[in-house]
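Thanks for coming. I'll go through a few parts of this structure, so please keep the view open as I talk.

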Amino acid sequence: MRASLRVRQTAAVTLLIALAMIMLSLQHVANLARVGLEDSHGIGDLLGRTIYQRARDAIAAGGDPESALRTDAGIRSILESTAAYSRNVTYAAVVDNEGRAIAHSFPAAEGQRIEPGENLAAVLDRDTLTQIRAIYADRALEVVLPLELGDAPFGAIRVGLSPILIRDGLAKAVQPMLWTTALISCAAILVGMILAGLILRPIHVINSGLMKLQRGEKVGSIELPADEELEGVGESFRAISEKLAARSLGRLMAGVTHEVRNPLNAMTIHLELVREHLHRLQRSSRAPVGAVLGLEGREEPPPDMSGAREHIDVIASEIKRLDEVITGFVRFIRPEELQLQPVNVQSVISEVIALVEPDARRSGIVCRAEVSSAGEMRADPALLRQALLNLALNGCQAMPNGGKLTMGAKTAKDRRVAITIEDTGVGIAADKLDSIFDLYYTTKPEGSGIGLSIVYRIVQLHGGEIEVQSTEGRGTTFRLLLPQM
Ligand SMILES: Nc1ncnc2c1ncn2[C@@H]1O[C@H](COP(=O)(O)OP(=O)(O)OP(=O)(O)O)[C@@H](O)[C@H]1O
Ligand SMILES: [Mg+2]
């Protein structure tokens with residue numbers, strides 16, 4: 001079983017802090033060990049030098065040096081007081097070249113060879129591990145001062161030192177350190193758990209949002225903390241959720257319109273058949289109706305079909321209108337995906353002007369392009385062309401008695417391109433400005449009211465904005481703000 005992210009994160013934080021504590025503790029222990037050894041060396045060295053001085057004086061007095069050293073009252077008194085000198089000192093002795101004790105703090109050891117201990121000066125020159133090993137070894141530590149007779153080595157002063165006191169010091173220091181490490185590790189677990197909870201909370205929020213999306217529920221926005229790292233995540237989530245909702249709605253609508261269209265087609269065909277049938281009936285009305293219906297002998301006047309035909313025409317035109325509404329709706333709900341690519345704004349505007357110009361000229365409209373520094377932008381070229389064409393057509397339709405249509409483009413702030421479509425037409429009343437982007441809103445007898453809603457959707461799909469400014473009788477300007485390359 002894999003531990004949860006929260007547990008792993010907490011374990012990592014705790015381990016890191018515990019490791020740091022252990023490293024610090026080890027460093028402290030190493031320092032303590034070195035200081036302990038240096039102290040012991042200082043004590044041993046001082047005692048050794050005192051004996052050395054005395055020994056030099058005794059030898060200088062003449063006679064047999066060994067017996068002089070053995071019988072010198074000064075040396076004897078120093079050796080006897082070593083135990084009082086320091087608790088670290090275990091023995092002190094003057095030895096000959098073979099290591100046999102000439103004078104010893106334990107007189108019983110005199111004349112015997114003394115096992116050499118670990119040379120403390122050498123230990124101090126070694127690494128921490130060797131020093132710790134020396135402290136915990138069974139061998140005594142020794143300070144050795146060589147003794148000469150004339151130029152020849154004569155023996156040495158050896159001071160034995162016990163590492164027990166250093167060990168005690170270390171043990172006393174390590175215990176609180178272990179407690180502190182344990183305490184800080186517990187605190188680290190607690191802090192780690194709280195931190196992990198805080199850090200992972202947004203993931204839980206995102207996860208529950210995703211689960212909702214998976215279940216097909218609508219998720220507007222998700223509540224994320226206002227942290228720099230999470231900036232944009234909530235916004236992207238909302239955009240994705242809206243896109244998914246729009247896509248599923250689009251699919252649903254496409255299905256519905258398909259299902260509505262089939263019966264409409266059937267109705268159109270059957271209406272044509274009825275019309276044909278009536279036509280045939282009328283044609284044969286020169287013959288008595290009874291003959292047409294196979295009832296010979298009955299003399300009846302020809303039926304009046306004009307009323308029926310009128311009804312059929314109304315039904316046919318209503319079916320046509322319904323079909324147009326559905327066609328417009330299908331155009332509106334498409335497309336679901338954008339084919340983004342670099343698009344040259346100038347050439348799109350030129351294409352649109354070339355499309356509207358022939359008709360516009362006939363209505364006395366002058367078309368102009370004013371492109372400055374817009375360059376390339378990232379867009380779906382077909383959709384952009386469609387949006388600009390719808391706007392240009394609206395502009396021309398608003399100038400039945402001629403005027404000027406200007407399509408411009410220039411770079412705008414926030415790395416965007418501003419495309420403007422300006423006409424000198426009838427303008428839009430202020431209270432109608434809010435409705436013009438509504439699907440099926442139109443003021444034109446032949447209009448379907450789809451053009452601007454498609455423009456709005458295309459701009460939205462590109463992550464852009466659309467603005468409109470209009471004065472009745474003066475003209476209208478649409479401004480599209482779309483992202484640059
Ligand atoms: N440049 C304009 N000047 C004046 N009115 C406008 C302009 N553009 C749009 N409108 C108004 O907004 C309405 C909606 O425009 P929209 O393009 O959506 O539909 P439409 O042009 O009526 O029909 P179609 O679906 O054929 O485009 C128009 O009927 C018109 O009243
Ligand atoms: Mg239009």
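The buried residues of helix H8 have cover that includes H7 and helix H10, residues 306–333. Keep in mind that this is a predicted model. Which residues of H8 are buried? They are Gly-234, Phe-237, Ser-241, Gly-250, Thr-257, Leu-264, Leu-271 and Leu-278.

Now the length of that helix.

Next, helix H7, residues 164–214, where Leu-198 sits. Is Leu-198 buried or exposed? Its relative accessibility is 56%, and the cut-off for exposed is over 50%, so Leu-198 counts as exposed. Leu-198 also belongs to a nonpolar surface patch, together with Ile-189, Leu-190, Val-191, Met-193, Ile-194, Leu-195 and Ile-199. Together the residues of this patch have about 740 Å² of accessible area.

Last, a residue at the other end of the scale. Gln-131 is in helix H6, residues 128–136. Gln-131 has 3% relative accessibility, and buried means under 20%, so Gln-131 counts as buried. What does its side chain reach? The side chain of Gln-131 comes to 3.1 Å from the backbone oxygen of Arg-126. If we set aside neighbours within four places in sequence, the contacts of Gln-131 are Arg-34, Leu-37, Val-123, Leu-124 and, again, Arg-126.

That's it from me.

Methods: Residues numbered from 1 in each chain as written. Chains lettered and ligands numbered in written order. Predicted model: local features only at pLDDT ≥ 70, side-chain atom pairs only at ≥ 80, totals over all residues. Heavy atoms only, no water. Patch = residues over 30% accessible without salt bridge, like charges linked within 9 Å, V, L, I, M, F, W, Y side chains within 5 Å. Areas by Shrake-Rupley, 256 points an atom, 1.4 Å probe, with all protein chains shown as cover. Salt bridge = Lys/Arg side-chain N within 4 Å of Asp/Glu carboxyl O. Helix = DSSP H or I, 4+ residues; strand = E, 2+ residues; numbered from the N terminus. Buried < 20%, exposed > 50% of the residue type's maximum accessible area, 1.4 Å probe, protein only. Contact = heavy atoms within 4.5 Å. Polar contact = N/O pair within 3.5 Å; in protein donor to acceptor, adjacent residues only side chain to side chain.
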